[in-house]
Amino acid sequence: MNNKELIEKFYTSFSNGNASGMTECYHKDIQFQDPVFGKLKGDEAFKMWEMLLSKKSVTTKISFSGIEANENKGTVNWVANYVYGKDKRKVTNKVNANFKFKDGKIIEHIDTFNVWKWSKQALGIVGFLLGWTSFMKHKIQKITKKQLENFMSKN
C-alpha cells in the first residue's frame with residue numbers, strides 16, 4: 001500500500017466508524033496533534049479515535065478530498081459533520097491534515113482547523129465570545145484530555 005492509499009484507508013475507516021482500521025494505519029510511535037486535544041503520543045492517539053468513534057451517531061458524516069502523498073509526507077482535507085454536547089449543537093468542522101510516514105505507517109498526524117469557528121458551533125455563545133482566546137483553547141484541551149484519560153481508564 002502506498003502512502004496515498006494509507007491515507008485513504010485511514011479516512012474511509014473513519015467515515016465507516018472503524019477505529020481499528022484507522023489505528024492500523026498508525027505507527028506504534030504515532031504523534032498526533034490538533035487544537036482540541038493538543039499533543040498525543042502512541043496509545044493516547046489510538047484511544048482518542050476509539051473514544052471519538054464511540055460517541056459517533058448515525059447523523060455523523062465524515063468526508064475527505066484532495067489526498068496528496070509522496071514517500072515522506074502527505075496531506076488531505078476532511079470535513080466532520082456531527083452534533084456536539086448535551087445541547088446537540090450542529091458542527092461542521094473543516095480540517096487540514098498533514099502526515100509524515102515511517103515504515104509504511106503514519107508516524108506524525110497534525111490536524112489544523114479554526115478553533116474559533118469550531119467553538120462557536122460546538123459551545124454556542126461562550127465559544128463565540130471566548131473561543132478565539134488562548135484561555136479557552138487551553139480550557140478545551142484540558143477538558144478533552146480529561147475525557148480521554150477517563151475513557152482510557154475504563155477500557
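This is a predicted model: local features need pLDDT of at least 70, side-chain atom pairs count only at pLDDT 80 or more; totals for chains, interfaces and linings use all residues.
Residues count from 1 along each chain as its sequence is written. Local features need pLDDT of at least 70, side-chain atom pairs count only at pLDDT 80 or more, and totals for chains, interfaces and linings use all residues, while side-chain values use heavy atoms, with hydrogens and water left out.

**Exercise 1.** Work out which helix gives the most to the lining of the largest pocket, and what kinds of residue the lining holds.

*Step 1.* Start with the space: the largest pocket holds about 1,000 Å³. Of its 39 lining residues, those closest to the centre are L52, Y82, V83, Y84 and W118. (On a 1 Å grid over the protein atoms alone, a pocket is an open set of points where a 1.4 Å probe fits, with protein on both sides within 12 Å along at least five of seven lines; lining residues have an atom within 4 Å of a point.)

*Step 2.* Go through the elements: α6 (134-154) is among those supplying at least two residues, and α6 gives the most, with six.

*Step 3.* Sort by type: 24 nonpolar, six polar and nine charged.

**Exercise 2.** Classify the ring pair F99 and F101, then say whether each residue is buried or exposed.

*Step 1.* Rings pair if their centres lie within 6.5 Å, and planes under 30 degrees apart count as stacked.

*Step 2.* The F99 and F101 centres are 6.5 Å apart with planes at 20°, so this pair is stacked.

*Step 3.* Buried means under 20% relative accessible area, exposed over 50% (1.4 Å probe, protein chains only). F99, at 3%, is buried, and F101, at 11%, is buried too.

How values were computed: Grid points are joined across faces, edges and corners, and a volume is the space filled by probe spheres set on the points. Helices (H or I, at least four residues) and strands (E, at least two) are DSSP runs, numbered from the N terminus. Ala, Val, Leu, Ile, Met, Phe, Trp, Tyr, Cys and Pro count as nonpolar, Asp, Glu, Lys and Arg as charged, and the others, Gly among them, as polar. Rings of Phe, Tyr and Trp (its six-membered ring) pair if their centres lie within 6.5 Å; planes under 30 degrees apart count as stacked, over 60 as edge-to-face and the rest as tilted.
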